[in-house]
Amino acid sequence: MEKIIIVGAGLSGATIARMFADGGDTVTVIDKRDTIGGNVYDYVDKNGIRVQVYGPHIFHTDYEDVFEFLSRFTEWNEYEHRVLANVKGTLVPVPFNLKSLFDLYPKDKAERIKERLIAEIGEGNKVSIMQLVQNENKEIREFAQFVYNNIFYLYTKKQWGFSPSQLGKEIMNRVPVYISYEDRYFTDKYQFMPKQGFTEMVSNILRHPRIQLKLGKDAKKIISLYDGKIYLNGKEFEGTLIYTGCVDELFDYKYGVLPYRSLKFKFKTIKKESFQPAAVVNYTTSKKYTRITEFSKFTCEQTDKTDIVKEYSKRFKKGKNIPYYPIPIEKNHIHHKKYADEAKNYSNLYLLGRLAQYKYINMDDAVKNAMDLYRKLKGD
Ligand SMILES: Cc1cc2nc3c(=O)[nH]c(=O)nc-3n(C[C@H](O)[C@H](O)[C@H](O)COP(=O)(O)OP(=O)(O)OC[C@H]3O[C@@H](n4cnc5c(N)ncnc54)[C@H](O)[C@@H]3O)c2cc1C
C-alpha cells in the first residue's frame with residue numbers, strides 16, 4: 001500500500017521525494033509527462049548541443065543548503081548569465097546599467113545623467129525603475145521614462161499581456177537599474193550550470209531504491225478528492241499526497257480556471273558557429289517574440305552549427321497549451337486562495353511548487369520550499 005505519493009517529477013517533487021527516501025520512507029512519484037525534471041528538462045540534440053525544451057534555465061542561488069543538496073547530484077560548470085536587449089537595433093546590457101546608458105545616449109548627455117544618478121542614488125547601488133520614474137530631478141525622470149519605454153514597456157506587454165501599470169508591484173519592483181557597470185543578470189553567490197545538464201541532475205536525485213517513479217501517468221485519472229477525503233483508484237487514501245501540479249485542475253476547476261501565461265518555442269539550427277553575442281537577447285522594442293536564446297553559449301560548446309529558440313508569450317488556454325507563469329496580480333492571488341483554502345480541508349494533502357502554489361519561483365526556491373515542507377512534516 002502506497003503511503004506517500006508525490007505528483008510531479010519536477011524539481012519540487014524530486015527534491016521532496018529524495019528527502020523522504022534519504023530519511024527512510026518509501027515514496028511513489030507520478031508524472032504525466034514521459035520525462036523527468038518538469039520544466040528544467042533538457043537533452044543533447046543531433047547537433048551535440050544541450051537544448052532546454054521549456055526555455056532557458058540558469059541555476060543561481062544564495063541558499064547554502066540548496067547548493068549543498070544539489071551538489072550531491074551534479075558537478076557544475078561555472079556560468080555567469082549576461083543578457084542583452086535589442087533596443088532599436090543596438091544591443092545593450094540588461095538589467096540597465098551605466099554601460100547601457102553610454103550605449104544609448106550621446107556621450108555628453110550620458111556623462112551628465114551618470115553624475116546625477118550617482119549623486120542621487122549612490123555609485124554601486126541599484127534602484128527600481130518605478131522609483132526612478134518618480135524621482136524629483138527632471139533629467140533623471142526623463143531618463144527613467146526612456147528606459148521604461150525602451151527596455152520595459154513593450155517587453156512587459158508581450159510577456160504578460162498587460163501593460164506594466166496593470167501588473168502588481170511584485171513584478172514592477174523586480175526591474176532594477178544598476179548605478180554601476182555590473183552586467184551580470186544575477187548577483188547570487190552561486191551561479192552554475194549542471195555539467196551534464198538538468199535532466200541528469202534530476203535523474204540522480206530520483207535514483208534511490210525507495211523512490212518508485214511512474215512516468216506517463218496523469219494523477220487526475222487515479223486520484224480524486226471529496227469532502228475532506230482523498231481517493232486513490234476509488235479507495236480512500238490515508239497516506240500523504242504532495243501535489244505539484246495545477247491546483248485548479250486538482251479540484252476540477254470548481255472555482256474556475258486560474259490564469260497563466262503560456263509560451264510557444266520556435267527552435268532552429270543555424271549553420272554557423274555563433275548566432276548572437278550573448279546566450280539570451282531580449283527584444284524590447286520590436287518583434288513578436290520576447291527573446292532569442294542560443295544554447296551553446298551556456299556550455300561554450302564549439303560546433304559548426306548552433307541552436308537557437310525564439311520565445312513567444314501566449315495566453316494560456318486550458319487543454320491547448322502549457323501553463324508556465326502564474327500571473328501575479330491581486331485578483332489572481334485571491335482566486336488562488338480559494339483553492340488553497342479548499343486544500344486545507346484535506347489534512348493529508350500538501351500543495352508544493354510553482355503550479356500548486358500559484359507563484360513564480362526560481363529553481364532554488366523550488367528546492368528550498370521542498371526541503372522546508374519535508375522538515376515541517378517531520379516536525380524539525
Ligand atoms: C521559461 C522559464 C524559464 C525559467 N528560467 C529559470 C531560470 O533561469 N532560473 C531559475 O532558477 N528558474 C527558472 N524558471 C523557474 C523554474 O522552471 C521553476 O522554479 C521550477 O521548474 C519549478 O519546479 P516545479 O517542480 O515546482 O514545477 P514543474 O517543473 O512545472 O514540475 C511540475 C511537474 O508536475 C507534473 N504534473 C502536473 N500535473 C500533473 C498531473 N495531474 N499528473 C501527473 N503529473 C503532473 C508536470 O508534468 C511537471 O513535470 C523558469 C521558468 C520558466 C517557465
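## Basis of the model

The model is predicted: local features require pLDDT of at least 70 and side-chain atom pairs count only at pLDDT 80 or more, while totals for chains, interfaces and linings use all residues. Residue numbers start from 1 along each chain as its sequence is written.

## Overall form

The protein chain contains 13 helices and 22 strands; helices (H or I, at least four residues) and strands (E, at least two) are DSSP runs, numbered from the N terminus. Its C-alpha trace spans about 75 × 45 × 40 Å along the principal axes.

Of the 380 residues, 36% count as buried, that is, with 20 or more other C-beta atoms, placed from the backbone, within 10 Å of their own. Among contacts (C-beta atoms, placed from the backbone, within 7 Å) between residues at least 6 apart in sequence, 72% join residues at least 24 apart.

## The seven-stranded sheet

Seven strands form an open sheet of mixed pairing, in the order E8-E7-E18-E19-E20-E17-E21; two strands pair if DSSP finds at least two bridges between them. Strand E8 (90-94) and strand E21 (325-326) stand at the edges with a single partner strand each, so one side of each has no neighbour in the sheet.

Strand E7 (residues 83-87) and strand E18 (residues 280-283) run parallel and are joined by four bridges, with valine 83 opposite valine 280 in E18. Helix H6 (residues 138-160) packs on this sheet, touching E7, E8, strand E17 (260-270), E18 and strand E20 (306-315). The direction of H6 makes about 100 degrees with that of E7; axes are lines fitted to C-alpha atoms, for helices over the stretch in contact, and angles run from 0 to 180 degrees between N-to-C directions.

## The three-stranded sheet

A further open sheet has the order E13-E14-E15 and antiparallel pairing. The twist averages 40 degrees from one strand to the next. Four bridges join E13 to strand E14 (residues 229-232), and leucine 225 stands opposite isoleucine 230 in E14.

Terms used
A residue is buried if 20 or more other C-beta atoms lie within 10 Å of its own, exposed if 12 or fewer, and partly exposed in between; C-beta atoms are placed from the backbone. Two residues are in contact if their C-beta atoms, placed from the backbone, lie within 7 Å.
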